[in-house]
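Student: Please take me through one part of this model in close detail. I would like the aromatic pairs, with the surface patch beside them as a lead-in.

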Amino acid sequence: MTGRHVAIAAAVFALIAVPYAITEAYYVNVASQILLYAIFALGLNVLVGYAGLVSLGHAGLFGVASYVVAYLLAADHGHAVAILASLVIGLVATAGFAALSLRATGISFIMITLALGEIIWGLAYRWISLTNGDNGISVTTRPAPFGLSLATASGFYYTTLIIFLFAIAATAIFVGSPLGAALCGTRDQPRRMNALGYHVWMVRFLAFMFSGLLTSLAGILFVYYNQFISPQTLALTASAEVLLMVISGGAGTLLGPVVGAALVVIVKNVVSGVRLTGLSGAVLVVIVRNVVNGLFEHWNFLLGVIFVAIVVLMPEGLVPGAVRLTRSAWRAANRQKTAAPSVAGPKQ
């Protein structure tokens, strides 16, 4: 067993032990959110990191799957029917999304995905007879697959963990396959790949479909977690937020979207609840306390500051940047060892 296998086994064991190490249900739910958004970010990363296609409308696909499962559950259909229909309709929507947006690349691709996402958001907002508009759709029940009830914090976490492990394993197999290599080729040299006989559009289309599958899974988990869906979930800010997860963690890596999702969720849910108290007496201390509390309260501002720092210090993302700094420190330490001067003894 290699060191990589040991590290993977240790990481899986640590994830399994989270509900035992954390007794408070709130923080277990935060861990579930991290895994949920990590699945979403992994799906977007297939396009951003490996295909070189930046999408600003993925929240629309996320919302389609969410609305389908919520609507069917509200209509008293079973969980199996609702989940299966959500996946099928989510993939159909992804196919239409891809067929329209893959007509272009670069800025044009970004603008098309942005427009499609806004169209889906507009439908969710205005099609009141189907989506209930701003009031949204509430879900009152959660399934219990294999006796594991999603109504409890630990049960939901373990279900999300299983789907997350499936998502990251499937992504690793996908990017390591010949199709994944061809996808990276279409990102770097699309004309050369076309000259070699590869169907560039079809390679990108299949990657889009895989991305849509992971996005739909995340959308289903989102509905079961919140037991509610509204048009706000499909807004541009949601697409930008998950894109931020991918970029900050490191696009084109497996762990980057996971680290990015953890960063955004923790800042949004945990750090924003931190308050500094008990500091008084000096004007400077009071000013610092008020400023820090204001930063914590406005988590998006704090997240923006963190993102700017990442872009300046680690433009490739947290995971690749950490690897680069670790290797640089290791090489510097080895150079110091080999370059240590020898001390000459006294002459006789």
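Tutor: Leu130 lies in helix H7, residues 128-131 (helices are DSSP runs of H or I, at least four residues, numbered from the N terminus). The model is predicted: local features need pLDDT of at least 70, side-chain atom pairs count only at pLDDT 80 or more, and totals for chains, interfaces and linings use all residues. Residues are numbered from 1 along each chain as its sequence is written, and side-chain values use heavy atoms, without hydrogens and water.

Leu130 has 31% relative accessibility, so it counts as partly exposed (buried is under 20% relative accessible area, exposed over 50%, partly exposed in between; 1.4 Å probe, protein chains only).

Now the rings. The whole structure holds 10 aromatic pairs (ring centres within 6.5 Å; planes under 30 degrees apart are stacked, over 60 edge-to-face, the rest tilted). Tyr26 and Tyr27 have centres 5.1 Å apart and planes at 80°, so they pair edge-to-face. Tyr26 is partly exposed at 41%, and Tyr27 is partly exposed at 36%. Phe62 and Phe222 also pair edge-to-face, at 5.3 Å between centres and 65° between planes. Phe62 sits in helix H4 (residues 58-74) and Phe222 in helix H11 (residues 200-226), so this pair ties together parts 160 residues apart in sequence. Phe62 and Phe222 are both buried. Ring pairs link Phe40 with Phe62 and Phe222 in a cluster.

Conventions:
Helices (H or I, at least four residues) and strands (E, at least two) are DSSP runs, numbered from the N terminus. Rings of Phe, Tyr and Trp (its six-membered ring) pair if their centres lie within 6.5 Å; planes under 30 degrees apart count as stacked, over 60 as edge-to-face and the rest as tilted.
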